[in-house]
Amino acid sequence: MNFNKVILICCVYGVISGYSLYPMRVFTHEEATFAQAITVENATTNPNPARMPTRPLLQPQQYIELAAFLRDTYSQEKEKWPKPFLDEGVPHEELSLVHEVLPRSADRPPDTKEQRDLGKLLFFDPRLSRSGEMSCATCHNPDLAWADGLTVAVGRHRRLLKRNTPSIMNNAFHSHFFWDGRASSFEQQAEQAITNPDEMNSDPELVTRRLNRVPRYRELFNKAYGSEDIKIKDVLHALAAFQRTLISSNASAFDRFLQGQRDALGDAAVRGLHLFRTTARCMNCHSGPLLTDNKFHDLGLSFFGREREDLGRYKITGNPEDSGKFKTPGLRNVSRTAPYMHNGILLTLDDVLRLYNAGMPTLRPTNEQSNDPLFPKKSHHLRPLGLNQRDLDDLKAFLESLEEPRRRISPGLFPAITDGELADEE
Ligand code: HEC
Ligand code: HEC
């Protein structure tokens, strides 16, 4: 074992056991630099640095050795993984496979196959919009990881909506829907999408009237809900039942690594995983199987007092503490759902990571804003990280390892709309 390797292992041991060996012996200059590079004191001990010096780059060989060491470490049971860097009070929810068993509230009977299949037809059926041109799948497109690839969604008459379309994968596990969490069930959420004048601009009465005119739907609703008379609550339930089937398959490179396939992750992704859990501090908010804490945080992106202002959660709760807060999105398949953030302002993962590295934007209040209780307070979990370009590339490789293999998803083949069928109601 050469000297470098001994140092590497000592230093990594320091990182992993939560303290650095650095003060315990005198390093040569080169060793000290290396120790500093893979320990993380600067990101943890100084809570509010104005600027963070960039961590020095390691030698190429050292990156390889670090990855080998981390691969061994993370191939062990989770109990032996290094502790994540979490601020006080943040619970430790380890990254893991998505549960195979769907959460099911006690008061909800399991969905039947007839309900799920019917929901899929409805999800793709533009009869749900007044114009007959827009379906749920217009914006939640299976070929685009159930999002739309746009900065902000395009609504009725091609109006630009305020927010970016999230993927609906794994929503079955969520307790809050929308960026501001304003809906607490799939049913509530779908009703809002259907009735929102800027989106589908329809109403429950119009939707059921149209569906009731289609013999095939009457037959399918009868099979799924035991009545030929189509009711809006069953339409919403069927949409929910379908969306509850959109669950990660545990087949991403990261999932395969978690299931014991040591080589499923490349060196960069293994180092990225460690950064994500430690130095980069991501696990303060992106934790658990879906890489979200299901909470709301202000990242400094609210455009307070400007034309594009969006105060997010505050508009729902009325609590000034919630000003500028948005739901932490899950990160599975995140490499496929650009652009990013509630307003889609960041085009690439590189942009996202660069901004996190800078500690996210800090809004400065103008004189008249300085006493405004609504002036958003950026999350105290964010701070400059001092990561170097290699670190950022490693983090990106980890985020990319959360992408699942693409599967062709056949669209729901809803009963064709005949000419003139919707004309009287548009
Ligand atoms: C015009 C584009 C558009 C259409 C049509 C549309 N959505 Fe959405 N959807 C969005 C946008 C944008 C958001 C986020 C809005 C927000 O947070 O304020 C969203 C949010 C959601 C969410 C919450 C996701 C999350 O992570 O919180 C679900 C679930 C959803 N839509 C399902 C549906 C269903 C079901 C339909 C059809 C009934 C539908 N959507 C129609 C654009 C659309
Ligand atoms: C303070 C909590 C917090 C921390 C720490 C945090 N995030 Fe986030 N993350 C969020 C929230 C909240 C959003 C959405 C913010 C918005 O839209 O205004 C978000 C958005 C994202 C997005 C965009 C996802 C999308 O679908 O638009 C990515 C990617 C991301 N975070 C990755 C990371 C990485 C990598 C780290 C560590 C360097 C990190 N986050 C640290 C809370 C956090």
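These legends accompany close-up views of a predicted model. Local features need pLDDT of at least 70, side-chain atom pairs count only at pLDDT 80 or more, and totals for chains, interfaces and linings use all residues. Residues are numbered from 1 along each chain as its sequence is written, while chains are lettered from A and ligands numbered from 1 in the order in which they are written.

**View 1. The largest nonpolar core, of 28 residues.** A nonpolar core is a set of buried Ala, Val, Leu, Ile, Met, Phe, Trp, Tyr and Cys residues joined through C-beta atoms within 7 Å. Buried means that 20 or more other C-beta atoms lie within 10 Å of a residue's own, exposed that 12 or fewer do, and partly exposed is in between; C-beta atoms are placed from the backbone. Leu265, Ala269, Phe276, Ala280, Leu395 and Phe398 touch the most other members. Two or more residues each come from α4 (60-74), α11 (253-258), α12 (267-277), α14 (349-357) and α15 (389-400). Helices are DSSP runs (H or I, at least four residues), numbered from the N terminus. A separate core has 27 residues, including Leu122, Cys136, Ala193 and Ala240.

**View 2. Contacts of Leu395.** Leaving aside residues up to four places away in sequence, Leu395 touches Gly272, Leu275, Phe276, Ala280 and Leu353. Contact requires C-beta atoms, placed from the backbone, within 7 Å.

**View 3. The shell around ligand 1.** The shell has 25 residues, and Cys136, Cys139, Ala153, Phe178 and Trp179 are the closest. A shell residue has its C-beta atom, placed from the backbone, within 6 Å of the ligand. α6 (136-139) and α7 (186-195) each supply at least two residues. α7 gives the most, with five. By class, 17 are nonpolar, six polar and two charged. Ala, Val, Leu, Ile, Met, Phe, Trp, Tyr, Cys and Pro count as nonpolar, Asp, Glu, Lys and Arg as charged, and the others, Gly among them, as polar.

**View 4. The shell around ligand 2.** Here 25 residues surround the ligand. Cys282, Cys285, Tyr340, His342 and Ser379 are the closest. α14 gives the most, with three residues. The classes are 16 nonpolar, eight polar and one charged.

**View 5. The two faces of helix α9 (residues 215-225).** Tyr217, Leu220, Phe221, Ala224 and Tyr225 are its buried residues. They lie on the same side of α9 because they cover an arc of only 105° around the axis. The arc is that of the directions from the helix axis to the C-beta atoms. These buried residues pack against α5 (113-124), α8 (204-212) and α10 (232-243). Exposed Pro215 and Glu219 sit on the face turned away. Gly226 follows α9, with a positive phi near 70°.

Terms used: Contact = placed C-beta atoms within 7 Å.
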